[in-house]
Each structure stands twice: as C-alpha cells, then as structure tokens.
Amino acid sequence: MYMKLKREEILSAIHHCVKCKLCSIASFHPNAEWLPLCPSGQYYGYQAFYAPGKMEIFRAILEGEITEPSDGLLNAVYACTVCGACYEKCKQITNVELGAPDLFEEMRSELASKGWILDAHKSIVDKIKETKNAYGEKYEYKAETTDQNADVMYYIGCTARYRVPEIADAMLGIFDKLGLKYQVMGEEWCCGSVLFRTGQVKAAKELVAHNIEEIRKSGAKTVIFTCPGCLKTFKKNYPDMGVELVHSTQFLTRLGNMNLKKENLKAAYHDPCHLGRDLGIYEEPRAVLSEVANIKKMKREKKQAWCCGSGGGVKSAFDDFALWSAAERLKEVKEAGAEALVSACPFCKRNLKEAAENEELEVYDVVELVNRCLEG
Ligand code: SF4
Ligand code: SF4
C-alpha cells in the first residue's frame with residue numbers, strides 16, 4: 001500500500017547523494033563505450049534533469065529554500081520517466097539504496113499538495129473522474145467473461161483498451177485458442193498508475209477501492225496483466241488482496257509447451273522499466289519470446305535498459321521528449337541487427353511504434369507474436 005516516506009528518511013537519502021552523476025551512465029566495461037542511462041538528463045542537458053539535480057531540488061523545497069515554482073522547476077521535476085535507471089546504477093556503485101524513483105514520486109506528491117502541478121497531469125484527474133479511464137474515452141473496449149467462476153481474471157488496463165487494443169485482442173485470443181476460461185471486470189476502472197506516478201495520490205483512492213471490490217466479488221485467484229504499469233500499481237500501491245498478481249509473460253511461461261510455431265524473425269527485446277527494474281521480471285519475457293523469434297541482444301538491457309520514454313506522465317506532458325527517447329532505442333535495435341522490436345508493455349509499444357512510424361521496423365508486444373504463432 002502507498003506509504004508516505006518520513007521527512008527524515010527523505011532528507012537522509014538526499015544527503016547520501018554525492019552528486020557524482022555516475023547514475024547517468026551504463027556500466028562501461030562490458031560495452032567499452034559510454035552509454036547514457038538517464039533519458040531526462042540526456043535530452044535536456046542540465047544538471048537539474050539528472051537524478052542528483054532532482055534530489056537537490058527536493059531538498060531545497062523541503063528546507064524551504066524554494067517557495068515559488070518556476071516553469072523550469074516544474075519541467076525538471078515532471079520531465080522524468082521515473083524509469084529507475086539512476087536508482088539501479090547508484091545502488092551498484094554506492095551500495096546504498098537512495099530509492100530515487102520513490103523519492104521523485106514523493107517530491108511530486110509534495111508539489112501537488114501545494115498545487116504545483118502541470119495542467120496536462122491535472123487534466124488526467126478530470127478525465128478519470130468523468131470516464132474512469134486515463135484517456136477520457138467514452139466508449140467501452142469489448143471483452144466478455146467466458147466463465148464467471150474462472151480462477152483467472154484478465155485486468156486489461158487503459159492503454160491496451162484505448163490506445164493499443166491489439167495487445168488486449170492478442171491476450172484474449174491466446175486464452176481462446178488455448179481453451180482457457182477467464183473473467184474480465186464488469187466495470188474495469190483505471191488502476192491509478194498515472195496518478196501515483198504524478199503525485200496525485202488522493203485522486204487514486206476511489207479507483208483502488210473499486211478495483212479491489214471487483215476482484216473480491218469475482219472470486220478470481222489470479223489476476224493477469226499485460227501492462228507492467230498496472231501490475232506494479234496493484235503490487236506496490238494497493239493493499240494485499242490475497243490474490244496472485246502476474247504478468248502475461250509469467251503466466252505464459254508457466255503454461256509450458258504451447259506448441260508455438262517459431263517464426264524466422266530477428267527480434268530485439270526491450271525491457272519495460274516497470275516490469276524489469278521495478279518488478280525484477282527479466283527472464284520470462286525472454287523465455288516466451290525465444291519460443292517465437294530469434295532474440296538479438298541490445299547493449300543496454302535488463303537493469304541497464306534504456307527507457308522507452310513514455311512513463312511517469314511524460315507521454316502526456318512532454319511528447320517530444322518521449323518520442324526522442326524512443327527514437328534513441330530504435331537506433332540500438334538496428335545496431336543489434338534486429339528487424340522487429342518486441343516489448344511486454346502497452347505503454348512501451350505505443351511510444352516505440354509512434355517513433356518507428358517512418359522506419360522499416362515492426363514493433364510488437366510479446367503476446368501478439370505468441371497469438372500469431374499459436375495454432376488456431
Ligand atoms: S544518485 Fe547515486 S550515483 Fe547518482 S549522483 Fe547521487 S550518489 Fe552519485
Ligand atoms: S528516473 Fe530515469 S529519467 Fe528520472 S532521473 Fe532517474 S534515470 Fe533519469
């Protein structure tokens with residue numbers, strides 16, 4: 001469940017940062033070249049956009065040195081995908097867990113409580129209030145429960161329902177082809193991820209209560225997510241519901257042999273930040289993908305993966321930055337000699353696909369390839 005960090009804990013973490021900035025570069029030795037890790041700092045170039053700069057801003061706010069938010073300050077705070085690359089890297093170097101993304105979310109929550117928030121993020125609250133989804137869409141994605149007593153529920157999520165429905169279609173297609181019964185929520189509401197990530201925690205309360213009640217009523221024992229952002233939110237921001245919460249790739253790995261017809265496709269796997277760094281799920285997506293395609297390794301992967309650029313409220317407020325980050329990833333895909341880029345997250349797919357619009361490169365979610373390679 002969401003816990004507010006104590007002021008002393010926050011300041012102690014911030015004071016541990018020695019501003020070395022090593023958290024912005026991938027490990028040098030395996031690649032023998034300097035590869036950036038922090039999309040925010042790399043794109044904007046100023047110290048304030050790197051992790052140590054953000055920590056300094058947070059300290060100055062907490063200690064009362066900053067009393068008015070400038071546009072520049074708001075940009076430095078919110079143009080960060082909370083990808084966690086800085087946190088992982090700092091941990092390797094210093095052996096101290098500063099918990100940067102949690103601190104940054106806490107900073108946003110502090111700012112939001114003062115009304116220092118971007119209009120783009122504020123408007124998401126209004127959209128959710130009105131439509132119960134983060135995009136303000138008024139239509140419903142069509143999905144039907146096949147058995148009201150099924151142990152398994154598929155939580156679809158706003159992005160797969162309204163922006164990349166091919167992912168939800170593929171997951172439902174897999175269930176049907178394998179003859180697996182499932183439930184979907186009668187009324188699925190946004191999980192609240194974007195609200196937690198942008199510091200608008202209070203507005204998420206109603207969503208959390210509704211979704212918990214839907215799951216309780218369903219009697220499902222396992223909830224499956226194709227969206228790592230939703231999964232992270234249920235795991236880290238919701239109270240324990242006593243049900244198992246799994247990502248689609250974990251669920252598919254467990255099923256074992258699905259008689260998939262492997263394609264002759266060279267595919268690079270992009271680790272979604274919420275799935276990899278946040279939840280430690282690196283192997284299952286690769287195991288599933290290796291059943292349907294030939295994996296081409298990228299230089300920055302797993303804990304040191306380069307973020308697709310769309311998380312943490314960045315896509316809605318800083319689309320140019322989001323697309324630039326995705327385009328940087330595409331360069332790496334080509335370098336790896338892949339003809340397709342595969343992720344396991346609707347948010348990643350949406351942004352990477354948009355950036356690849358004029359490229360000869362296919363972008364998929366792993367469940368789409370699995371569905372395609374399953375005998376109908
Ligand atoms: S967060 Fe860690 S790695 Fe980054 S500047 Fe601070 S101490 Fe250095
Ligand atoms: S969370 Fe990601 S984008 Fe934000 S400062 Fe850290 S590395 Fe940079």
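These questions and answers test terms used for this predicted model against their definitions.

Residues are numbered from 1 along each chain as its sequence is written, and chains are lettered from A and ligands numbered from 1 in the order in which they are written. In this predicted model local features need pLDDT of at least 70, side-chain atom pairs count only at pLDDT 80 or more, totals for chains, interfaces and linings use all residues, and side-chain values use heavy atoms, with hydrogens and water left out.

Q: Why is Ser-316 called partly exposed?
A: Buried means under 20% relative accessible area, exposed over 50%, and partly exposed in between (1.4 Å probe, protein chains only). Ser-316 has 41%, so it is partly exposed.

Q: What makes Ser-316 part of a helix?
A: Helices are DSSP runs (H or I, at least four residues), numbered from the N terminus. Ser-316 lies in helix H17, residues 314-317.

Q: Which residues does Ser-316 touch, not counting residues up to four places away in sequence?
A: Contact means heavy atoms within 4.5 Å. Ser-316 touches Ala-120, His-121 and Ile-124 on that count.

Q: How do you know that the radius of gyration of the protein chain agrees with a compact globule?
A: The radius is taken over C-alpha atoms, and the globule rule is 2.2 Å times the number of residues to the power 0.38. For 376 residues the rule gives a value near 21 Å; the protein chain has 20 Å, so the two agree.

Q: How many charged residues are in the shell around ligand 1?
A: Asp, Glu, Lys and Arg count as charged. The shell has two charged residues. Lys-19 and Lys-21 are among the residues that surround ligand 1.

Definitions and conventions: Near = heavy atom within 4 Å. Helix = DSSP H or I, 4+ residues; strand = E, 2+ residues; numbered from the N terminus.
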